Amino acid sequence: MQSYPDHIWHNGRIKPWAEATVHVMAHGLHYGSSVFEGVRCYDTPRGPVIFRMSDHNRRLLQSAHIYDMAVPYSVEELNAASREVLRANGLTSAYIRPVAFRGLGGFGLSADTPVDVAVAAWHWGPYLGAAALESGIDACVSSWQRFAPNTVPAGAKAGGNYLSGQLVAREARRLGFGEGIALASTGLLSEGAGENLFLVFGDELHTPPASAALLNGITRHTIRTLAEDAGLKVIERDLPREYLYLCDELFMCGTAAEITPIRSVDGKPIGRGERGPVTRRIQDLFFGLFDGRTEDRWGWLEPLGQE
Ligand code: PMP
């Protein structure tokens with residue numbers, strides 16, 4: 001059975017989890033008009049840090065801006081809310097979920113309803129399984145494509161987008177795969193149900209461009225920065241489906257999934273059918289940020305700090 005943390009931050013204050021309720025006629029519930037983030041707090045030798053929290057909260061406000069949703073808090077206030085909810089629950093290692101949504105206050109599609117904001121935090125291991133960080137997962141190409149760029153903006157992390165993600169993920173799990181990979185409406189590679197993709201050719205990393213109906217992931221940007229810093233070439237480019245089968249290594253990345261290797265796609269082994277050396281190196285650089293092996297020269301580790 002799912003257990004819940006004791007406290008949650010809701011509209012400006014910490015309250016007991018059970019009291020953070022929403023009216024059944026809230027706009028966001030009917031029309032998918034919510035925007036959200038996934039952020040992680042890691043325990044490090046220098047104390048707990050929230051990874052790229054300001055970048056995540058900035059993206060939350062950008063997603064809201066696309067939908068003319070007036071979030072009544074600044075990045076700094078949202079950062080403070082994350083810190084507060086971690087402290088209230090005594091968490092030093094957690095997944096944090098800020099969400100803003102259109103509440104009760106109008107039934108029309110374009111209604112300017114009040115915007116509710118909540119921030120929750122709880123223990124959540126790697127999304128595709130802790131063992132998968134080493135063993136990798138078996139993935140499939142979904143029969144569901146991502147939405148065309150002139151229909152729903154993939155660059156906004158909005159609740160409604162995740163109807164697409166649910167179809168992709170549920171189909172994959174139903175067919176016995178660990179995760180689904182979606183193609184864009186162009187037929188070219190897009191992303192996983194809730195993760196970005198990297199294909200490794202030799203010591204080059206290739207990833208689909210933002211125009212391929214994907215969320216421009218913060219982990220994707222982190223990997224790009226770490227890889228280039230380590231002297232690896234990273235190329236953003238259109239990628240046809242068959243390159244999945246031809247690359248030497250393949251992995252998915254995201255805040256929830258962290259860096260999860262993919263060992264097969266559609267039943268075909270990728271490379272040697274196991275986590276490859278470049279993926280391993282990228283994982284070491286990434287997780288090294290949290291155990292002190294990788295120096296944070298970019299100011300990504302934002303301390304939870306003292307009360
Ligand atoms: N694509 C989708 C559809 C996602 O939901 C996520 C996870 N938020 C990502 C990519 C990865 O984004 P990030 O690295 O910013 O978590």
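Modeller: The mean positions of the 29 positive and 35 negative charges of the protein are 2 Å apart. This is a predicted model, in which local features need pLDDT of at least 70 and side-chain atom pairs count only at pLDDT 80 or more, while totals for chains, interfaces and linings use all residues. Residues are numbered from 1 along each chain as its sequence is written, and side-chain values use heavy atoms, with hydrogens and water left out.

Colleague: What makes a residue count as positive or negative here?

Modeller: Lys and Arg count as positive and Asp and Glu as negative, whereas His and the chain ends are not counted; the place of a charge is NZ of Lys, CZ of Arg, CG of Asp or CD of Glu.

Colleague: What makes strand β9 mostly covered?

Modeller: Five of the five residues of β9, residues 179–183, are buried, where buried means under 20% relative accessible area with a 1.4 Å probe, protein chains only. Glu179, Ile181 and Leu183 point one way from β9 and Gly180 and Ala182 the other way.

Colleague: How do you know that β8 and β9 pair?

Modeller: Two strands pair if DSSP finds at least two bridges between them; three bridges join β8 (residues 137–141) to β9, so by that definition they pair, and they run parallel.

Methods
Buried < 20%, exposed > 50% of the residue type's maximum accessible area, 1.4 Å probe, protein only. Helix = DSSP H or I, 4+ residues; strand = E, 2+ residues; numbered from the N terminus.
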